[in-house]
Amino acid sequence: LRACVVERDGRVGLFIERGPDLLAAVLGVLKAGAAFLLLDPAGPADRLSAVAEDAHLAALVTQNELGERIASGDVRVLRLPGDIDLDASGRPLPEDEHQAAISASTAYLAYAPDAAGGPTVVAVSHRSLVNHLTSMAVRPGFTSYDRLVAVSPVSSDISILELLLPLVSGGCVVLAGSADLQDGASLRQLVESSRATAMQAVPSVWSALLDAGWPGGRRFKALCGRGPLSPELVAALHARVGELWHMYGVAEATIWSACARLTPAMRDMPLGKPIANTRIHVLDRDLRPCPIGVPGELWIAGDGVALDYPNRDELAAGYFHVDPRSEAGECMVRTGDLGRWRNDGMLEYIGRADAHRSTWQDGDEHHVP
């Protein structure tokens with residue numbers, strides 16, 4: 001990649017089927033000092049082309065069997081296995097301070113829908129990604145004895161956690177193929193045959209797995225987020241797993257920003273507490289902190305905040321603001337979600353801010369719905 005087209009912060013699209021080549025390509029791009037953008041071959045061709053165009057790619061790595069499903073324009077296309085001369089000598093890359101990534105370099109780009117539902121790409125730094133992975137390794141926790149089944153679509157940024165957390169923790173990633181994700185029965189077979197100890201998924205995937213009769217396991221750790229958790233699903237998971245974690249975050253703040261271990265005794269499902277080096281503010285319309293128990297819009301600050309929306313300065317100005325509580329002038333990012341702090345230090349989710357705006361921004365006083 002370095003020899004062909006890529007320099008530090010260069011953007012490389014990965015249009016590769018789920019399998020070993022995908023993970024090798026992610027590591028290769030990072031090793032080259034560039035940033036990767038995962039493009040899901042299962043996605044609509046027009047949306048894929050729009051996301052790739054918005055990202056201003058320097059190169060696109062794909063596979064011969066995928067044909068011309070994505071418009072590349074003037075982007076340099078490298079096709080596996082023919083267009084990349086693999087050096088099997090094992091020699092390390094030469095030192096090059098102008099190419100090697102630094103903490104502020106972009107590690108990956110992720111798709112985030114904008115207000116109109118169109119494609120918007122957000123850039124996340126190595127610093128943010130490393131902070132996220134090291135925090136996740138501690139809480140919820142992942143060790144060298146764990147095996148995580150990666151099921152999330154690569155179009156979602158949460159798939160990046162699944163690909164990289166097991167590797168940085170010395171554990172094992174079981175990368176589900178397209179056939180494994182066709183139905184709950186196929187996924188159940190993979191989870192059981194792989195002797196998995198953990199899985200991260202949205203509520204609909206967990207429901208499909210449970211409907212297929214998955215028995216679970218006492219050592220199994222379930223991570224669930226990016227969708228409403230019903231009491232029925234929570235109860236069913238509690239009956240089958242050793243740990244159930246509720247995850248919260250947005251792409252603009254590096255995957256997850258808060259988490260909570262749910263227990264059978266809980267009557268609700270809090271978002272939990274911020275992960276390491278992360279601050280979550282509950283603010284009113286004037287960006288003033290809301291008292292405990294009073295709803296406001298959730299803003300995320302700290303090491304996880306993304307760099308920006310590349311090439312979208314006007315959009316970035318509406319979401320990224322200087323954190324007035326940061327002496328160093330760090331940025332915070334708007335989530336568009338409404339929540340409030342509880343007396344026990346947990347964050348509670350109320351809903352999308354737009355849906356409740358008349359309730360929480362009506363007048364000068366704080367209001368509780």
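A pocket here is an open set of grid points where a 1.4 Å probe fits, with protein on both sides within 12 Å along at least five of seven lines. In this predicted model, the largest pocket has a volume of about 990 Å³. Its lining counts 42 residues, and G249, V250, T335, D337 and R352 are the closest to its centre.

What is that lining made of? Sorted by residue class, the lining of the largest pocket holds 19 nonpolar, 10 polar and 13 charged residues. Several elements each put in at least two residues, as the table shows.

| Element | Residues |
|---|---|
| β5 | 106–113 |
| β11 | 241–248 |
| α8 | 313–319 |
| β17 | 331–341 |
| β18 | 347–352 |

Among these, β17 gives the largest share of the lining, with 4 residues.

Now for the chain as a whole. It has 9 helices and 18 strands, and 51% of its 369 residues count as buried. Looking at contacts with a separation of 6 or more, 61% are between residues 24 or more positions apart. The chain exposes about 17000 Å², and carbon and sulfur atoms supply 52% of that.

On to the packing. The largest nonpolar core has 65 residues, and the ones with the most contacts inside it are V12, L14, V26, F36, L38, Y108 and I160. Which residues does F36 touch, leaving aside neighbours within four places in sequence? F36 is in contact with V12, L14, V26, V29, L30, A107, Y108, L109 and I160. Apart from that core lies another one, of 24 residues, including V151, A196, L229 and L244.

Notes. Residues numbered from 1 in each chain as written. Predicted model: local features only at pLDDT ≥ 70, side-chain atom pairs only at ≥ 80, totals over all residues. Heavy atoms only, no water. 1 Å grid on protein atoms, 1.4 Å probe; cavity = no way out; pocket = protein on both sides within 12 Å on 5 of 7 lines; lining within 4 Å. Points joined across faces, edges and corners; volume = space filled by probe spheres on them. Nonpolar A, V, L, I, M, F, W, Y, C, P; charged D, E, K, R; others polar. Core = buried A, V, L, I, M, F, W, Y, C linked by side-chain atoms within 4.5 Å. Buried < 20%, exposed > 50% of the residue type's maximum accessible area, 1.4 Å probe, protein only. Contact = heavy atoms within 4.5 Å. Areas by Shrake-Rupley, 256 points an atom, 1.4 Å probe, with all protein chains shown as cover.
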